[in-house]
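Try each task before you read its solution.

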Amino acid sequence: MRNGAKIKTAFYIAYVVIIWGMCWPVYKYALAYTPPLLFAGIRTLLGGVLLALFLVPQWQKIEWRKNWKIYCIVGFFNTVIFNGVQTIGLEYMASGLFSVIVYLQPVLVSVFAWLWLKESMSFLKIAGLLIGFLGVAAVCRDGFTGKVSAIGIILALITSVGWAFGIVYMKKTSTQVHGLWLVALQSILGGLFLTGAGFLKENISDITWNLPYIACLLFGGVLGMAVATTLYFKLMNTGDASKVASFTFLVPLIAVGIGTLFLGEPFTFSLLEGLVLILISIYLTNHPSKNFIRKKKVHAEIN
């Protein structure tokens, strides 16, 4: 039974990491057939509605009057910023490179959790932060020389910061709301906003409703949003979130590999250098350490 649970957990982690890694080149490929805002909105809305359908029997747990602000804030950062800015940014940069910068998110989560949630900060995490900034600098070198879009780099950083803030805010408010309804409603609310913005800014007739586009839409909405996000929450709820966090460094590696092999995206030395540094950074910030910087709360008690 114990071995069976371990196998199930390993399967869930592998699914989430692989699907998230595949999402970046898949979304990049889909942009040949659709405007970015409409694609981000429709796929996110689709995933949220599908998840909500399974949760209908528990609709009383939404408690909208009490928690609507939480749903809206999380929807803005985890859906509008993460999915919307991400999809626009992919128009300016290769999917692999974009994912490398965005996956500074675990590093930023560590900082925000330390500052906001008073969580401990280890010396390994500090080292990881410094190495992570060096990695971003290495990746950005091509942007300064014109080989990579500076706008793309800025959008990737906005995506990463917004996603990190949204995750920490979710953790801070996790005891106040039903977790799965939070995932569903953030996707529905954010998806409606992005779709509405797409209708105002873009032309729905520019969507090419062919098999490749529909396949990308279903992949993102069903596998990437509804299933992967639900499994991620299940892992967090069963105490396996730390394992997921330590394995997410594989996501940009998968994205870079798929983008290089199937989309013909360039793989430069600066990208390789930045990728290695960022992977080291993410690993160090998720590696357990006994040497902790004392929390501010403890500091105050001592004084």
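**Exercise 1.** Classify the aromatic pair formed by W24 and Y103 in this predicted model.

*Solution.* The structure holds 15 aromatic pairs. For W24 and Y103, the centres are 6.4 Å apart and the planes stand at 75 degrees. Planes over 60 degrees apart count as edge-to-face, so this pair is edge-to-face.

**Exercise 2.** Decide whether W24 and Y103 are buried or exposed.

*Solution.* Buried means under 20% relative accessible area. W24 has 3%, so W24 is buried. Y103 has 2%, so Y103 is buried too.

**Exercise 3.** Classify the ring pair of F77 and F165, then check the accessibility of each partner.

*Solution.* The ring centres lie 4.5 Å apart with the planes at 50 degrees, so the pair is tilted. F77 comes from helix α3 (residues 64–89) and F165 from helix α7 (residues 150–172), 88 residues apart. With a relative accessible area of 21%, F77 is partly exposed; F165, at 28%, is partly exposed as well.

**Exercise 4.** Find which side of helix α11 (residues 250–262) holds its buried residues.

*Solution.* List the buried residues of α11: V251, P252, A255, V256 and G259. They cover an arc of only 130 degrees around the axis, so they lie on the same side of α11. On the other side, L261 and F262 are exposed. Finally, look back at Y103: its contacts include V251 and P252.

Note on methods. Residues are numbered from 1 along each chain as its sequence is written. This is a predicted model: local features need pLDDT of at least 70, side-chain atom pairs count only at pLDDT 80 or more; totals for chains, interfaces and linings use all residues. Side-chain values use heavy atoms; hydrogens and water are left out. Contact means heavy atoms within 4.5 Å. Buried means under 20% relative accessible area, exposed over 50%, partly exposed in between (1.4 Å probe, protein chains only). Helices (H or I, at least four residues) and strands (E, at least two) are DSSP runs, numbered from the N terminus. The arc is that of the directions from the helix axis to the C-beta atoms. Rings of Phe, Tyr and Trp (its six-membered ring) pair if their centres lie within 6.5 Å; planes under 30 degrees apart count as stacked, over 60 as edge-to-face and the rest as tilted. Lists of a residue's contacts leave out its neighbours within four places in sequence.
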